[in-house]
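Biologist: Could you walk me through this model, starting with the backbone and then going on to the core and the ligand?

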Amino acid sequence: MKHYEVVAAIIIDDNKILCVQRDHGKYDYISLRYEFPGGKIESDETKEQALKRELLEELDLNIKVERKFLTVNHQYPDFSVTMHSFICSTLSSKFNLKEHIAFEWVNPEKLSNLDWTEADLPIVSKLMREC
Ligand SMILES: Nc1nc2c([nH]c(=O)n2[C@H]2C[C@H](O)[C@@H](COP(=O)(O)OP(=O)(O)OP(=O)(O)O)O2)c(=O)[nH]1
């Protein structure tokens, strides 16, 4: 089974967190779910480099990686992921949705109202406890 190393950015601005919605895709169980922007780490890059590259590719957004938050291992029916999440900030709140179909800035206490990818649930719970 395929395994992916993934990075995800928890972008906090004015005590709200940027949540983005995936498009329809090959796998029903992640299609249209909310996630944190990010993606797969390429072989020649660090986690921080991967995160900055993905945010530019997906959102045209320059981010500052502040600190590690939580690493989650999750097995989906067709592949598994190790997802490293990081608290990030940004100087500009302007971005363009290039791959996702919607976004929301959400107060930490309301994060559980969104329909998240399963791998994100431990991150969402920790954010709701700590933010
Ligand atoms: N970016 C991101 N990916 C997540 C999250 N939760 C989760 O299960 N994933 C999974 C979905 C994908 O299978 C994988 C990330 O791959 P992706 O397809 O978004 O990455 P990518 O931008 O490198 O895409 P591609 O080049 O392979 O098309 O991790 C999350 O919060 N953020």
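Biologist: Is D14 buried or exposed?
Modeller: This is a predicted model, and in it D14 counts as exposed because 7 other C-beta atoms lie within 10 Å, where 12 or fewer is the cut-off.

Biologist: Where does D14 sit, and what is its phi?
Modeller: D14 lies in the loop between β1 and β2, and although D14 is not a glycine, its phi is positive, at about 55°.

Biologist: And what about L32, which loop is that in?
Modeller: L32 belongs to the loop between β2 and β3, the latter being residues 34-35. L32 also has a positive phi, of about 65°, without being a glycine, and with 14 C-beta neighbours inside 10 Å it counts as partly exposed.

Biologist: Okay, on to the inside: how many residues are in the largest nonpolar core?
Modeller: That core has 29 residues, and those with the most contacts inside it include V7, I11 and L51. At least two core residues come from each of β1, β2, α1, β6 and α2, and β1 gives the most, with six residues.

Biologist: What does I11 touch?
Modeller: Leaving aside residues up to four places away in sequence, I11 touches I17, L18, I63, C88 and T90.

Biologist: New topic, which residues are closest to the ligand?
Modeller: The ligand is surrounded by 15 residues, of which E35, G38, G39, K40 and A119 are the closest. Strands β1, β4 and β6 each supply at least two residues of that shell.

Biologist: What is the shell like by class?
Modeller: It has eight nonpolar, three polar and four charged residues.

Methods: Residues are numbered from 1 along each chain as its sequence is written. This is a predicted model: local features need pLDDT of at least 70, side-chain atom pairs count only at pLDDT 80 or more; totals for chains, interfaces and linings use all residues. A residue is near a molecule or strand if its C-beta atom, placed from the backbone, lies within 6 Å of it. Helices (H or I, at least four residues) and strands (E, at least two) are DSSP runs, numbered from the N terminus. Ala, Val, Leu, Ile, Met, Phe, Trp, Tyr, Cys and Pro count as nonpolar, Asp, Glu, Lys and Arg as charged, and the others, Gly among them, as polar. A nonpolar core is a set of buried Ala, Val, Leu, Ile, Met, Phe, Trp, Tyr and Cys residues joined through C-beta atoms within 7 Å. A residue is buried if 20 or more other C-beta atoms lie within 10 Å of its own, exposed if 12 or fewer, and partly exposed in between; C-beta atoms are placed from the backbone. Two residues are in contact if their C-beta atoms, placed from the backbone, lie within 7 Å.
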